[in-house]
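Thanks for making the time this morning.

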Amino acid sequence: YKPGDEVYGSTDMRMGAHAEYLCLPESGVVLPKPALLSHEEAACLPFGAHTAWHFLQLAKIQPGQKVLIYGASGAVGTAAVQIAKILGAHVTGVCSTANRELVRSLGADEVLDYTNPAQKPTPNQFDVVYETVDKTPLADCFTPLKKGGKLILGAALLKGMIAGHFTGLLQGKKVLAGVALDDLPKLRRISEWATEGRLKVVIDKTYSFEEMAEAHRLVDSGRKRGNVAVRV
């Protein structure tokens, strides 16, 4: 890298990005910013896309498989819909009424409205179920899953992971969970997709640095669409 290069990246669990300047090693999780992306889009890309790619890679998605994504309008969900489509899956997204068109515009083949009891996923239909927000009851995650299918509990805490693994053993279904730590090879693939225009970043709202508390309030509400950016 040289002075003036536009870059983006992630500090992962070290956080610290609520600052005007940040020091990273040249060998860190940092890459040239894709020209198609604004700085706000690039700042939002690593978390959702990396998390989605990490778990979908673990699930070994194959072309033609049916994938159900809960929380399809969130930061991870919007990326998961697009990456699953890139991998050749038939994707069904679950979201609220207000976000149906957004999820469909990202490539979802079908969109279910979780506020409508008549739109519950069909039992034993999906090869992979990806729960991205830790809000869906375990029964609603396992019921749509085929025997031998894979359930991704991408946002579950320890209690949810343990309950998921035991339920999976009883039902003959595999559970994937844990922490998706950032790494450079995954970020390179994400950059390639973004550069090709195949992976888009959804931003609900961009705040100024002085509005940081408001940005957190929107995230904490659980009602944001995609990501929230802060301009320093």
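Thr-132 is buried, with a relative accessible area of 9%, where buried means under 20% relative accessible area, exposed over 50% and partly exposed in between, with a 1.4 Å probe and protein chains only. Before I go further, this is a predicted model, in which local features need pLDDT of at least 70 and side-chain atom pairs count only at pLDDT 80 or more, while totals for chains, interfaces and linings use all residues. Residues are numbered from 1 along each chain as its sequence is written, and side-chain values use heavy atoms, with hydrogens and water left out.

Thr-132 sits in the loop between β6 and α4; helices here are DSSP runs of H or I with at least four residues, strands are runs of E with at least two, and both are numbered from the N terminus. The side chain of Thr-132 reaches the backbone oxygen of Tyr-70 at 2.7 Å and the backbone oxygen of Gly-71 at 3.3 Å. If neighbours within four places in sequence are set aside, Thr-132 is in contact, meaning heavy atoms within 4.5 Å, with Ile-69, Tyr-70, Gly-71, Val-76, Gly-77 and Ala-155.

Thr-136 belongs to the loop between β6 (126–131) and α4 (138–142), and the side chain of Thr-136 makes a polar contact with the side chain of Glu-131 at 2.8 Å. Beyond four places in sequence, the contacts of Thr-136 are Tyr-70, Glu-131 and Cys-141.

Most residues other than glycine have a negative phi. Asp-134, although not a glycine, has a positive phi of about 55 degrees, and at 40% relative accessibility Asp-134 counts as partly exposed. Asn-124, in the loop between β5 (110–113) and β6, likewise is not a glycine and has a positive phi of about 55 degrees, but Asn-124 is exposed, with a relative accessible area of 52%.

Let me turn to the strands. Asn-227 lies in strand β10 (residues 227–231) and is buried, with a relative accessible area of 9%. Which backbone oxygen does the side chain of Asn-227 reach? The side chain of Asn-227 reaches that of Val-202, at 2.8 Å. Leaving aside neighbours within four places in sequence, the contacts of Asn-227 include Cys-44, Ala-75 and Asp-204.

Tyr-207, in strand β9 (residues 203–208), is buried as well, with a relative accessible area of 7%. The C-alpha atoms of Tyr-207 and Ala-229 are separated by 6.3 Å, although the two residues are 22 apart along the chain. Not counting residues up to four places away, Tyr-207 touches Glu-214, Ala-215, Leu-218, Val-228, Ala-229, Val-230 and Arg-231.

That leaves the helices. Two packed helices are described by the angle between their axes and the distance between the axes. The axes are lines fitted to C-alpha atoms, for helices over the stretch in contact, and angles run from 0 to 180 degrees between N-to-C directions.

Helix α1 (residues 39–58) and helix α6 (residues 184–195) pack at an angle of about 110 degrees, with their axes 10 Å apart. That makes α1 roughly perpendicular to α6, given that angles under 35 degrees count as roughly parallel, over 145 as roughly antiparallel, 65 to 115 as roughly perpendicular and the rest as oblique. The residues making this contact include Trp-53 and His-54 of α1 and Arg-189 and Trp-193 of α6.

With helix α2 (residues 75–86), α1 packs at an angle of about 50 degrees, with the axes 8 Å apart, and α1 and α2 are therefore oblique to each other. In this pair, Phe-47, Gly-48, Ala-49, Thr-51, Ala-52, Trp-53 and Leu-56 in α1 meet Ala-75, Val-76, Ala-79, Ala-80, Ile-83 and Ala-84 in α2. The residues of that contact divide into 11 nonpolar, two polar and no charged, where Ala, Val, Leu, Ile, Met, Phe, Trp, Tyr, Cys and Pro count as nonpolar, Asp, Glu, Lys and Arg as charged, and the others, Gly among them, as polar.

How values were computed
A polar contact is a pair of N or O atoms within 3.5 Å; within protein, one must be able to donate a hydrogen and the other to accept it, and residues adjacent in sequence count only if both atoms are side-chain atoms.
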